[in-house]
Amino acid sequence: MDAPIREKMLRFQMSVPAEEQKQLIRSTKLGLDYTVSIQDDTGSNSKCYVLTLHDIGCSHSVFTEFVSQPEMRALKQRIVWVHVDLPGQEDNAAPLTIEKYPTLDEIASELINIVDQLNIPQAVLFGEGAGANIACRFAIEHPSRVHGLVLVHPTGTTAGFMEMMKDKLNNWKLIHKGMNPDAEAYLIWHRFGRDAAKGYGDSQLLEANIREFSEKLYQKRTAKNLALFMDAYLNRTNLVDKLDKLVVDCLVAVGKKSSVMNTTEKFYERLRDSRNNPQKMVNSPILIADNVGDVLGEAPDVLAKSMQFFLQGIGLVSGLPMEAGLAGLGRLSRAMSMEDADRPRRSSVLTPSSPSTTSPSTTSPTIVGSPPQNA
């Protein structure tokens with residue numbers, strides 16, 4: 001077994017997840033099932049809910065692995081993780097009988113069935129890529145059910161001409177030929193960034209991650225289902241023009257080598273411009289991770305710390321000690337019980353009349369710069 005694979009397995013075993021509870025939650029409107037995997041290591045602690053939404057070419061397993069990193073141990077014990085596999089995207093899924101996938105708006109809207117059926121009053125939505133886009137749409141439609149958003153590599157614009165042509169070709173090949181090298185290469189570029197096709201450089205971790213991702217594309221993904229989801233993402237409607245309706249706090253994260261680096265920065269700029277008030281961005285920073293294309297897989301430690309600071313900044317999991325690795329996002333140090341610490345002290349929904357509860361002396365900059373390598 002290669003050293004990078006052994007290291008990944010060792011890190012995973014250091015923080016073994018509790019056995020996941022799986023449920024199928026039906027959307028009668030769409031006639032499709034969402035597969036929900038609940039990861040709960042909270043025990044008797046008061047609970048905060050985080051609902052995860054994956055990107056194209058992935059399943060919820062990318063979040064299971066992220067949550068099981070050693071750096072996430074403290075958060076994992078305070079959060080109930082509700083991992084969602086979108087219809088037909090779970091591992092070894094049966095081929096869907098539909099010919100056209102629901103739109104991203106329809107997929108997002110039907111997430112309400114999950115939070116209702118699981119009796120979740122409010123959740124933080126944690127999405128990557130296509131999942132981040134879907135999370136935004138749900139938060140716009142149901143702001144009262146969302147504490148905040150963690151958005152990794154979000155895009156808010158419609159697909160460009162070159163993206164559309166590449167996707168259409170790859171979708172045709174996926175449907176008629178199954179998983180193939182062209183579709184594989186595109187999905188690797190989409191997930192790991194613009195430099196992934198040039199080779200791994202000296203990054204054994206990146207090599208191991210790409211190898212594992214490729215194996216899952218051939219062994220775990222159902223080609224037709226993936227092609228349908230990719231087509232829905234390709235035909236996404238413009239989101240940036242709706243960002244004025246996105247009123248919850250957001251942590252935006254992107255890798256500097258990501259294939260969507262520029263698009264994500266534009267998304268964040270439009271979010272900032274739509275709020276037209278610096279106070280409304282106090283708890284909505286952007287994290288730019290140096291030298292990586294895949295933030296979840298290559299910089300989990302940095303994202304874990306940033307996520308903790310973000311959650312504490314919006315009044316969640318505040319009883320956890322603050323680490324000194326990065327500048328805090330809204331320092332909350334009031335002494336309280338663990339139960340009180342997990343109870344939000346204010347809604348994260350921003351309205352023009354809602355004053356900020358963070359004093360100017362404790363606010364963090366809107367943009368969190370690229371973290372140091374030892375963060």
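**Working chat: loops, salt bridges and core**

Colleague: Starting with Asn291, is that residue buried, exposed or partly exposed?

Modeller: Asn291 counts as partly exposed, at 47% relative accessibility. Bear in mind that this is a predicted model.

Colleague: Where does Asn291 lie?

Modeller: In the loop between E8 and H12. Its backbone is worth a look too: phi of Asn291 is near 60°, a positive value in a residue that isn't glycine. Most residues other than glycine have a negative phi.

Colleague: And what's phi of Asn92 like?

Modeller: Also positive, near 55°, and again in a residue other than glycine. You'll find Asn92 in the loop between strand E4 (79–85) and H4.

Colleague: Changing topic: how many salt bridges does a search of the whole structure find?

Modeller: The search turns up 14. Arg211 and Glu207 make one of them, with their closest N and O atoms 2.9 Å apart. Both sit in helix H9 (residues 204–219), 4 residues apart, about one turn of the helix.

Colleague: How exposed are Arg211 and Glu207?

Modeller: Arg211 is partly exposed at 31% relative accessible area, and Glu207 is partly exposed at 26%.

Colleague: OK, what about Asp290 and Lys256, what do their side chains do?

Modeller: They meet in a salt bridge, at 3.4 Å from N to O. Asp290 is in the loop between E8 and helix H12 (295–298) while Lys256 is in the loop between strand E7 (249–255) and H11, so the pair ties together parts 34 residues apart in sequence. Asp290 is partly exposed, with 25% relative accessibility, and Lys256 is partly exposed as well, with 39%.

Colleague: Which residues get joined into a network by salt bridges that share partners?

Modeller: Asp105, Arg137 and Lys242 are joined into one network that way. Within it, the side chains of Arg137 and Asp105 meet at 3.1 Å, N to O. That pair links distant parts of the chain, 32 residues apart, with Arg137 in helix H6 (residues 130–141) and Asp105 in helix H4 (residues 104–109).

Colleague: Is Arg137 buried or exposed?

Modeller: Buried, with a relative accessible area of 4%.

Colleague: Now the cysteines. How many disulfides does the count come to?

Modeller: The count comes to 0. Take Cys250: the closest cysteine sulfur belongs to Cys136, and at 6.1 Å that is too far for a bond, given a cut-off of 2.5 Å for a disulfide.

Colleague: Is Cys250 buried or exposed?

Modeller: Buried, at 0% relative accessibility. Cys48 counts as buried too, at 3%.

Colleague: Which residues have the most contacts inside the largest nonpolar core?

Modeller: Ile114, Phe126, Leu149, Leu246 and Leu311, in a core of 105 residues.

Colleague: What does Phe126 touch, not counting residues up to four places away in sequence?

Modeller: Quite a list, including Val50, Leu51, Phe63, Phe66, Trp81, Val152, Leu296 and Met307.

Colleague: Last one: where does Pro285 lie?

Modeller: Pro285 is in the loop between helix H11 (261–275) and strand E8 (286–289). Despite being in a loop, Pro285 is buried, with a relative accessible area of 0%. Pro285 and Phe310 are 25 residues apart in sequence, and their C-alpha atoms are 8.3 Å apart in space.

Definitions and conventions: Residues numbered from 1 in each chain as written. Predicted model: local features only at pLDDT ≥ 70, side-chain atom pairs only at ≥ 80, totals over all residues. Heavy atoms only, no water. Buried < 20%, exposed > 50% of the residue type's maximum accessible area, 1.4 Å probe, protein only. Helix = DSSP H or I, 4+ residues; strand = E, 2+ residues; numbered from the N terminus. Core = buried A, V, L, I, M, F, W, Y, C linked by side-chain atoms within 4.5 Å. Contact = heavy atoms within 4.5 Å. Salt bridge = Lys/Arg side-chain N within 4 Å of Asp/Glu carboxyl O.
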